[in-house]
Amino acid sequence: MGKTKHSGPVSLPKIPDPKLWVSPLPFGAGKQKPRHIIDTMKAAWENRDNLGYAARILTQGVCDGCALGVSGLYDQTLKGPHVCTTRLNVLRLNTMPAIKKDVLHADIDELRKMNSSELRKLGRIPYPLMRKKGERSFRRISWEEALNYTAGKIRSLNPKQFGFYLTARGITNESYYAAAKAARYMGCNNIDNASRICHSPSKTALKRSLGIGASSCNYKDWIGTDVLLFFGSVAANNQPVSTKYMYAAKRRGTKIIVINPYHEPSMDRYWVPSIPDSALFGTVLADDFYQVNIGGDIAFMNGIIKHWFEMEREERGSAIDHAFVQAHSNGYEELKRHVKMYDWSVLEASSGVSKERMKELAVLLARSKSAVFVWSMGLTQHRFGTDNISQVANLALLRGFLGREHCGVMPIRGHSGVQGAGEMGADPFSLPGGGFDLENVKRVENVWNFTVPKWQGDIVGVSLENALLPETHERRTKLYYMSGGNFLETMPDPDFVKNCLEAMEVRVHQDIIFNTSTLVDAREAVIVLPAMTRYEQPGGGTSTSTERMVYFSPEVKGPRMEEARPEWEIYCDLASRVRPEDKDSITFKNAAEIRAEIAAAAPDYDGIQHLKNRGDVFQWGGAWLCEDGICPTDDGKGRLISVELPELRKAEGHFYVTTRRGKQFNSMVYSNKDPFNGANRDDVFMSKEDAQVLSLSEGEAIVVYNRHGMFHGKVKYENMKEKNIALFWPEGNMLFPKGVYESFAGIPEYNAGVIVEKAETFHAQKDLRYVEKRLEELETEAG
């Protein structure tokens, strides 16, 4: 852990720089862009019945949107107020009144006619509900009945036959911790969280490469670094406040480079609403785009490294920081041999980038004294996601861009609570303060005062699939308990997921709103429990940001749901009913008592016990992990890992498909129109050149298909890498295979080979052998 402390926020320049302006026309007149003023007015209108409460949430609470960590309107990076439309969109979840009773208890088929956006707008869940098999509507039940029923079912099961899942929907560290402890108290290790389907490879790769499980640096390190690289990340869309940091970085001379198959317009230019000159004239963000193939990042980074080794042959020290590598890494010679064996033609074909273009970036990085590498799901949501991130770590180690100011590796988080999930132990491979190694298990058992089950728990995808195992199988999932989440809209193959949910005997949905998965049948019963938001939690709560800042979010005065309870309290109450004989071990008097125990159970979090007032914050691990190059590994060194190329070949008419986010937060879609490119949710992004080869005009109906599913959409000409297409998530999830997980971290695969055809051509084929033949061609391709 580092010894240097974060130095606090800095000021923005006061004099504008017209060289960075997008256009001399004010407010982006005539350009496709977000309309921040209109969106702000819309948010105010939606919250008009609770404006005072909404204002107090914004000014007093810690943002429950992305994980940048804005407390009230301020953060630790830049002075001045920050607010974004993502936070404003999520705001209504906290201020809505209860669902009207006639709607809440309507016939289930009437509710099923609504999509998740419509269900969300119905309002908050006011009290516990149950719907048993054959019942046509939810009926009101008491907390006693709900928890006694659930506890009784759990007692009847083998602990391997039930499980827990926590999304990142504003959930606090206290709730993650209580859930992790309660699950183990009930003898169950089947507990997982939302990072499994977003950043689990980041933690896994950073652990094996550098011995850390989080960002090594801060957002403040963006400001003044020589180069800021974004791999597969659309931070301007998913973490809008980050554009303010990018603006500050540009003003300090930082070069921003984006590596992505799609030339994302939001990363190209942005109108930052809280900076006057940017709000008026926009800001050019990216200095360069490298459009790689989907899945081509490993080859691209191998190309950068190969160039460095070639530069070293001409002049030692011209690309590699040999002093750093020798003192702080292992595996250099092995990596050198591995990369040198690749022919340039292979690297070019796999990455989709020419040797010359790769050299441009290699030289830029070699001549830079600092760099920060940022990435998101474009690197992680692959069956080789962990290897992707290890390649990023290789770049940082070879150049010594680690453990000092303006340097580091950063998996940028999209949810405000998700960083703390695994650190609190809400993970099948983790306990508070570490993994499931014997030493950590014994340490945690001493804190908890009960025995932790030693068997390996399942990841969320496997827990869902296990619902379809034979009735007598010891791991058949018969009860699943979910804090938020909607697997119908987040996991591949939604139809298969629905079958899994229906096969469970009991499902418990602990949430603040309905979504489509809440309405799916179960074999015995579906129970719905009303949860408090983080702003309602008595005694406040904490969340951990991307940069490891642990923020205290106070209870905010305002209206309350009549029977909603703090999530941590519900978990502890349930566990005490399952094992009442030792319930003192699982009972907490208040949130402050949980924070005190977290400090003991997770040593990195020593300091959380002192957080009790609005604005309280501390950063675990110091300003930089691996400070001075010293990694928290057995020998204090990082590990350079040789990574094999994933082979990707595409025949004529075949493409590789990935997903992107539009105007949404996680799977919660707030507009059918993308504010950055004007795309509709059924649009398929492809290059104009690819479309013309297939004689496809813009707006034409097409079918995108493979063995997993079929997507009906429309052609949208966009600046996509050739032979690659993109469509919106979660709408395109039927194209991705079920049961395919990354071998190290367990993240599902969200990319696939597909065929694109005119809709009229596809539907004109009366002989199904035509489609089968095309699918067989697709299946013969590696990748």
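Me: How many salt bridges are counted between domain 2 and domain 3?

Reply: This is a predicted model, in which local features need pLDDT of at least 70 and side-chain atom pairs count only at pLDDT 80 or more, whereas totals for chains, interfaces and linings use all residues. Residues are numbered from 1 along each chain as its sequence is written, and side-chain values use heavy atoms, with hydrogens and water left out. A salt bridge here is a side-chain nitrogen of Lys or Arg within 4 Å of a carboxyl oxygen of Asp or Glu. Between domain 2 and domain 3, the count of salt bridges is 2.

Me: Which residues make up domain 3?

Reply: The bounds come from an automatic or database domain assignment. Domain 1 takes in 101-194 + 423-623, and domain 2 takes in 200-414. Domain 3 is made up of residues 655-782.

Me: What area is buried between domain 2 and domain 3?

Reply: The C-alpha centres of the two domains, domain 2 and domain 3, lie 27 Å apart. Contact (heavy atoms within 4.5 Å) joins 29 residues of domain 2 to 26 residues of domain 3. Buried area is the accessible area (1.4 Å probe) lost by two parts on being put together, summed over both. Carbon and sulfur atoms give 52% of the area between domain 2 and domain 3, which is about 2,400 Å².

Me: Which helix gives the largest share of the side of domain 2 that touches domain 3?

Reply: Across this interface there are 16 residue pairs in polar contact, both residues at pLDDT 80 or more; a polar contact is a pair of N or O atoms within 3.5 Å, where within protein one must be able to donate a hydrogen and the other to accept it, and residues adjacent in sequence count only if both atoms are side-chain atoms. Helices (H or I, at least four residues) and strands (E, at least two) are DSSP runs numbered from the N terminus. At least two residues each come from α9 (200-210), α10 (235-238), α12 (265-268), α19 (377-380) and α20 (385-399). The largest share, 4 residues, comes from α9.

Me: Is Glu742 buried or exposed?

Reply: Glu742 lies in the loop between β28 (724-728) and β29 (752-758). Leaving aside neighbours within four places in sequence, its contacts include His382, Arg383 and Asp387. A polar atom of the Glu742 side chain lies 2.4 Å from the backbone nitrogen of Ala745. Because its relative accessibility is 3%, Glu742 counts as buried.

Me: How far apart in space are Glu742 and Thr380, C-alpha to C-alpha?

Reply: In sequence, Glu742 and Thr380 are separated by 362 residues. In space, their C-alpha atoms are separated by 9.3 Å.

Me: Which residue forms a salt bridge with Asp287?

Reply: The closest N and O atoms of this pair are 2.7 Å apart. Asp287 lies in the loop between β8 (283-284) and β9 (288-290) and its partner in helix α11 (residues 242-251), so the bridge ties together parts that are 37 residues apart in sequence. Asp287 counts as partly exposed at 38% relative accessibility. The partner, buried with a relative accessible area of 10%, is Lys250.

Me: How many salt bridges does the structure hold?

Reply: One of them joins Arg475 to Asp458 at 3.0 Å, N to O, and both of these residues are buried. A network of salt bridges links Asp107, Asp109, Arg112, Arg131, Arg136 and Asp521. For the structure, the number of salt bridges is 48.

Notes. Buried < 20%, exposed > 50% of the residue type's maximum accessible area, 1.4 Å probe, protein only.
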